[in-house]
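Please look over the sequence and the structure shown here before reading on. The paragraphs that follow lead you from the whole chain to some of its parts.

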Amino acid sequence: MSKSLRCLAAVLAVSWLGGCAVPLRVSLTPAQRAEIRELDTRVIIVQDEVIVDVKASQSAVAGVGFGLIGALITTTIDSKVTNSRVQAVQDLMGPFYAAIEDVDFRQEFDAAVRPALASYAIKVGRVETTPLGLSDARLRQWRDGLQAGQRLMVVVPRYTLSSDFRTFDAETWVTLWQKDGPDQPVNRGVLRYQSAPMGPGAEASVQAWSANDARLFREVMREAIAETLLMVRLDLDLTDTAAKADRQRDFAYLNNGDAATLTGTVVQERADRVVVLAADGRLHSLPKAPAATPTAAASPR
């Protein structure tokens, strides 16, 4: 497997833990963009159900924050403790999974992607959604099938619930490939969505996601898809590879349940959400904190 695909596969399997010495963000040059007549698009969604990030034992390894249900957990992690936590999560999530049994992220994404890409800055031709994972052979086959003026666009979403169950998080890699040339994309964007926090965490949040036939979960999942496809469209026209220092702001977000701060440049701001280009090149759609409700003035005595 090529270095670029090894990096991409590793990120999609267990999130970005470092080690791939390639820039996250790669932008088309004006000349490359002018050569494109049409995009042949593949949407790869291998995942069949929402995954919960499970924090690993901090006593076992420094610097590793989590493992994933259904993924191989590295042997440097205290597997006994981690397996216990995974089992506890599975037990807690039973009613939630029952409530979302008919939810199909792949189907929802497939239904939304075509109308969303109708307004893409480059003409989009064929769009196919597949559960088959990305491989060197499959990528080579798709690239070999390109016609003159076509480029291949590969869209790979991944989605989770945070370990405290409060947020729905999605990360999507979007790459453009030429038929010939190096085994590296000519354009790459990494797009992240985070929902507004749901409840105080733990069982209370799981119950909130599950209530009323998982109504709020379904709404948030569709918002995640819509925001992701918005960022797909926005990302193409972002030619800056880093946030502009004179326009940087700090934004609060949750890093797998822990409070964190992201520094970046606003790309789009609305009443409830903001899209931010971070210094590392990732594009984030973040919830805006609700405005504080003014307290009533005390009655004069």
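**Strands side by side**

Strand S5 (residues 150–161) and strand S6 run antiparallel to each other and are paired over ten bridges, where two strands are said to pair if DSSP finds at least two bridges between them. Helices (H or I, at least four residues) and strands (E, at least two) are DSSP runs, numbered from the N terminus. What you see is a predicted model, in which local features need pLDDT of at least 70 and side-chain atom pairs count only at pLDDT 80 or more, while totals for chains, interfaces and linings use all residues. Residues are numbered from 1 along each chain as its sequence is written, and side-chain values use heavy atoms, with hydrogens and water left out.

Of the contacts between residues at least 6 apart in sequence, 66% join residues at least 24 apart, a contact being heavy atoms within 4.5 Å. The protein exposes about 14800 Å², and carbon and sulfur atoms supply 53% of that area, as computed by the Shrake-Rupley method with a 1.4 Å probe.

Strand S7 (residues 187–194) leads us onward, for S7 pairs with S11 in the parallel sense over three bridges, and Tyr193 has Ser285 of S11 as its bridge partner. Strand S10 (residues 273–278), in contrast, pairs with S11 in the antiparallel sense over five bridges, with Leu286 of S11 as the bridge partner of Val274. S10 and S11 form a hairpin with four residues between them, and Gly281 in the turn has a positive phi of about 100 degrees.

How many of the five residues of S11 are buried? Five of the five are, so S11 is largely enclosed by the rest of the structure. Leu283, Ser285 and Pro287 lie on one side and His284 and Leu286 on the other, and both faces are covered. Take His284, which lies in S11 (residues 283–287), as an example: its relative accessible area is 6%, so this residue counts as buried. Leaving aside neighbours within four places in sequence, His284 is in contact with Arg192, Met231, Leu262, Val274, Val275, Val276 and Ala278.

Another buried residue is Ile44, with a relative accessible area of 3%, found in strand S1 (residues 38–44). Ile44 and Leu134 are 90 residues apart along the chain, yet their C-alpha atoms are separated by 7.4 Å. Not counting residues up to four places away in sequence, Ile44 touches several residues, including Thr130, Leu132, Leu134, Trp142 and Val155.

Let us turn to the helices. Two packed helices are described by the angle between their axes and the distance between the axes. The axes of helix H4 (residues 105–117) and helix H6 (residues 202–236) come within 10 Å and cross at roughly 35 degrees; these axes are lines fitted to C-alpha atoms over the stretch in contact, with angles running from 0 to 180 degrees between N-to-C directions. Among the residues that meet are Phe105, Phe109 and Val113 in H4 and Ile225, Leu229 and Val232 in H6.

Finally, look at Ala202, whose place is in H6. Its phi is near 55 degrees, a positive value in a residue other than glycine, and at 43% relative accessibility Ala202 counts as partly exposed.

Definitions and conventions: Buried means under 20% relative accessible area, exposed over 50%, partly exposed in between (1.4 Å probe, protein chains only).
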